[in-house]
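Student: I would like to take a close look at a single part of this structure, namely its sheet. Could you please describe how that part is built and what lies against it?

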Amino acid sequence: MDARRTGDDPPWSDRLLPDGRHAAAAPGRHAAADSGRLAAADSGRHASDDDLDRAFGPDTAAVRAVTGAQRLRRVSLVLLGFVVAGVVIAVVLSTIVGSVQNGVGGVFPQPQAALDRFRADARAVPGVQAVQDPTTDKQAFAAYDVAAVVVVDTALSPGQQVDVVTRLSAAAADAGGNGVRVTAIARIGALDVGVSSDATVSRQRFEVARSVADIGGVVAVRSSSGPERTADDPALQRVVVVTGGTGAALDAVVATASERTHAVFPGATVTAADR
């Protein structure tokens, strides 16, 4: 008997088994079919997993692993950044320290350095005999006034004396700054002339002092040589006339001195003193 199925044979599911049951009800038929379907599905799943592995790599995480070379480059960049920052900080600190040590023009006021510089420059001016009586006054937390008395040779001509005052003014301007204001008193015989960094005002003070000194009975003149010497406003100038006169003679001297002073410095204060 040929067990092979022919075209006239009924389907396996319709055939009767020896015990009278249909073949479709026989155990194992559906299990085999299900097993085949599961195997096919599992095969598709593995194929899909293989595709993902090829696209994203075998790791289940989405983060790329860092190689040793990449880690070394990152550490090198961080160290390089620290080195550059350290160099910049060192340069800035050295600049600050150097400026402070240099004194004038540094980060913090250096009144003594400014005064030393002015004295050196003033002594180099022709006609200057001495620089003496230096003073330093602290005006605020970072503000100082420094001054000195510069003795000028009285044998100089008026024109030469003007030149000395002008050059002393330039020296004061050069030495001052950065919270330090430099002034001086140019002592020319009986005249005390306040010298500041303003050359024009300093020269005008000298001219006023000489003009007032020519008044009869005047012994000496101080032209803004006190605390007011730092004020370059014409109205803030102060002229002190030293005279031995009294009564009407004193009034006449002060009136003439005021007239001559106000011609140059309108609003300036003119007073008299015994000595």
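Tutor: Let us begin with the chain as a whole. In this predicted model, the chain exposes about 16500 Å², of which carbon and sulfur atoms supply 58%. Of its 275 residues, 28% count as buried. The chain has six helices and seven strands, and along the sequence these follow the pattern α-α-α-β-β-α-β-β-α-β-β-α-β.

We now turn to the sheet. It is an open sheet of seven strands with mixed pairing, in the order S1-S2-S3-S4-S5-S6-S7. Strand S1 (128-140) and strand S7 (269-273) stand at the edges with a single partner strand each, so one side of each has no neighbour in the sheet. On average, neighbouring strands of this sheet are turned by 15 degrees against each other, direction ignored. In general, strands of a sheet pair through backbone hydrogen bonds, either parallel or antiparallel.

One pairing may be examined in detail. Strand S6, residues 238-243, pairs with S7 in the parallel sense over five bridges. Val241 stands opposite Ala272 in S7.

Helices also belong to this picture. Helix H4 (residues 158-175) packs on the sheet and touches S1, strand S2 (143-152), strand S3 (180-188) and strand S4 (191-195). The direction of H4 makes about 160 degrees with that of S3. Helix H6, residues 247-262, lies across strand S5 (218-223), S6 and S7, and runs at about 150 degrees to S7.

Finally, consider contacts in the chain between residues at least 6 apart in sequence: 55% of them join residues at least 24 apart.

Note on methods: Residues are numbered from 1 along each chain as its sequence is written. This is a predicted model: local features need pLDDT of at least 70, side-chain atom pairs count only at pLDDT 80 or more; totals for chains, interfaces and linings use all residues. Side-chain values use heavy atoms; hydrogens and water are left out. Two strands pair if DSSP finds at least two bridges between them. Helices (H or I, at least four residues) and strands (E, at least two) are DSSP runs, numbered from the N terminus. Axes are lines fitted to C-alpha atoms, for helices over the stretch in contact, and angles run from 0 to 180 degrees between N-to-C directions. Contact means heavy atoms within 4.5 Å. Buried means under 20% relative accessible area, exposed over 50%, partly exposed in between (1.4 Å probe, protein chains only). Accessible areas come from the Shrake-Rupley method with a 1.4 Å probe; for residues, only the protein chains shown count as cover.
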